[in-house]
Structure formats: C-alpha cells, structure tokens
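Subject: Structure handover

Hello,

Here is the structure I promised to pass on. Please open it first, then read the notes below it.

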Amino acid sequence: MEVVRAELLKDPETKRIADAVGMKLEDYVELVLEYAQDKDKEPMLNVVSDEELKANGFPVHTVEEVGEFLVAGAKGELPGQGNPFAKSEFEAGKGGGAAGKPALNPTGEAPKAPQDEAKRQELMEQLKKGGGGTRG
C-alpha cells in the first residue's frame, strides 16, 4: 500500500484533482486509499437546504437556471468549451473546396441546426419534475 501511496503523491493528476476539490494532497490520497481498500464503502452525501447554503455563502440556483446550464453545455456554449470544430482541418470553401480539398459544405451555406423549442421546453418540464424522461 505504501507503493501506491507514494505513486499517488507524486502523480500530477492526483494533485490537480485534490486542488480541484479543495483538499490537501495528503488528505485526498488517504481518502482515495480508504475507498480503494473497502470496495463496499459508500461515499458520504450531505443534503442541505437552500437556506443553509445561502447562510454559508454558497450560490443557490433555480431549476430553470440549472436546466439552461445543461442545455448550454449540450450546445457547447459554456465558457471554456470553445468551438470543438475550430481545430478541424476542414475548410468551408465554395464548390470543391480549397486547393482540391474536400469541403464539408460544398454549397458554402451555413448549416442550420433545427431549434426545436417544444423539445427544449419538454426538457425543462422534466427537470422541474425531477424526471429524466424515459429510462430503459
């Protein structure tokens, strides 16, 4: 176990995760080892009221705000997400593409994604009810 502890302590990814969750590296490593040794151990889950969160300085979001956040994430519109296609080698040229390269959009028109307001509203209603739609 000491070998695993030493490996975790020197791993930069472990340090990044510990920083991200606001723990000291040593404490985080001990927690990881604790769960690794006891496969049946369940993580603690604390449920607190909105009022308690506010009293302790944490932001409280409405169901609608969370729904909009999820929709924005699905669309790739969150800060830091950037355009996932920006690094693509494809160029939106007219006709056969630039310098004989194939073009994704030979007509040169901007693609139009369908904006289905009814579907978006249905998702928001499911979120308000606490449901996730059909499950299989």
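Below is what I found, from the whole chain down to single residues.

**Overall**

Please keep in mind that this is a predicted model. The chain has six helices and zero strands. Read from the N terminus, the order of elements is therefore simply α-α-α-α-α-α. The chain holds 136 residues, and 11% of them are buried. Its accessible surface comes to about 11400 Å². Carbon and sulfur atoms account for 57% of that surface.

**Helix 2 against helix 3**

Start with helix 2, residues 12-20, and helix 3, residues 25-37. Their axes come within 9 Å. They cross at roughly 105 degrees. Angles of 65 to 115 degrees count as roughly perpendicular, so helix 2 is roughly perpendicular to helix 3. Which residues make the contact? Helix 2 supplies Thr14, Lys15, Ile17 and Ala18. Helix 3 supplies Leu25, Tyr28 and Val29. By type, the residues of this contact divide into five nonpolar, one polar and one charged.

**The core**

The largest nonpolar core has six residues in all. They are Leu8, Ala18, Leu25, Tyr28, Val29 and Leu33. Which helix gives this core its largest share? Helix 3 does, with four residues.

Setting aside neighbours within four places in sequence, Leu33 is in contact with Met1, Val4, Arg5 and Leu8.

**Helix 1**

Is Arg5 buried or exposed? Its relative accessible area is 17%, and buried means under 20%, so Arg5 is buried. Arg5 touches Val29, Glu30 and Leu33, again not counting residues up to four places away in sequence. Val29 and Leu33 are also members of the largest nonpolar core.

Val4 is found in helix 1 too. Val4 has 41% relative accessibility, so it counts as partly exposed. How far apart are Val4 and Val29 in space? The distance is 9.5 Å, C-alpha to C-alpha. Along the sequence, 25 residues separate Val4 from Val29.

**Helix 6**

Finally, go to Glu125. Glu125 sits in helix 6, residues 117-129. Its relative accessibility is 31%, so Glu125 counts as partly exposed. Glu125 and Val63 are 62 residues apart along the chain. Their C-alpha atoms are separated by 9.5 Å.

**Where to look**

Best wishes

Conventions:
Residues are numbered from 1 along each chain as its sequence is written. This is a predicted model: local features need pLDDT of at least 70, side-chain atom pairs count only at pLDDT 80 or more; totals for chains, interfaces and linings use all residues. Side-chain values use heavy atoms; hydrogens and water are left out. Axes are lines fitted to C-alpha atoms, for helices over the stretch in contact, and angles run from 0 to 180 degrees between N-to-C directions. Helices (H or I, at least four residues) and strands (E, at least two) are DSSP runs, numbered from the N terminus. Angles under 35 degrees count as roughly parallel, over 145 as roughly antiparallel, 65 to 115 as roughly perpendicular and the rest as oblique. Contact means heavy atoms within 4.5 Å. Ala, Val, Leu, Ile, Met, Phe, Trp, Tyr, Cys and Pro count as nonpolar, Asp, Glu, Lys and Arg as charged, and the others, Gly among them, as polar. A nonpolar core is a set of buried Ala, Val, Leu, Ile, Met, Phe, Trp, Tyr and Cys residues joined through side-chain atoms within 4.5 Å. Buried means under 20% relative accessible area, exposed over 50%, partly exposed in between (1.4 Å probe, protein chains only). Accessible areas come from the Shrake-Rupley method with a 1.4 Å probe; for residues, only the protein chains shown count as cover.
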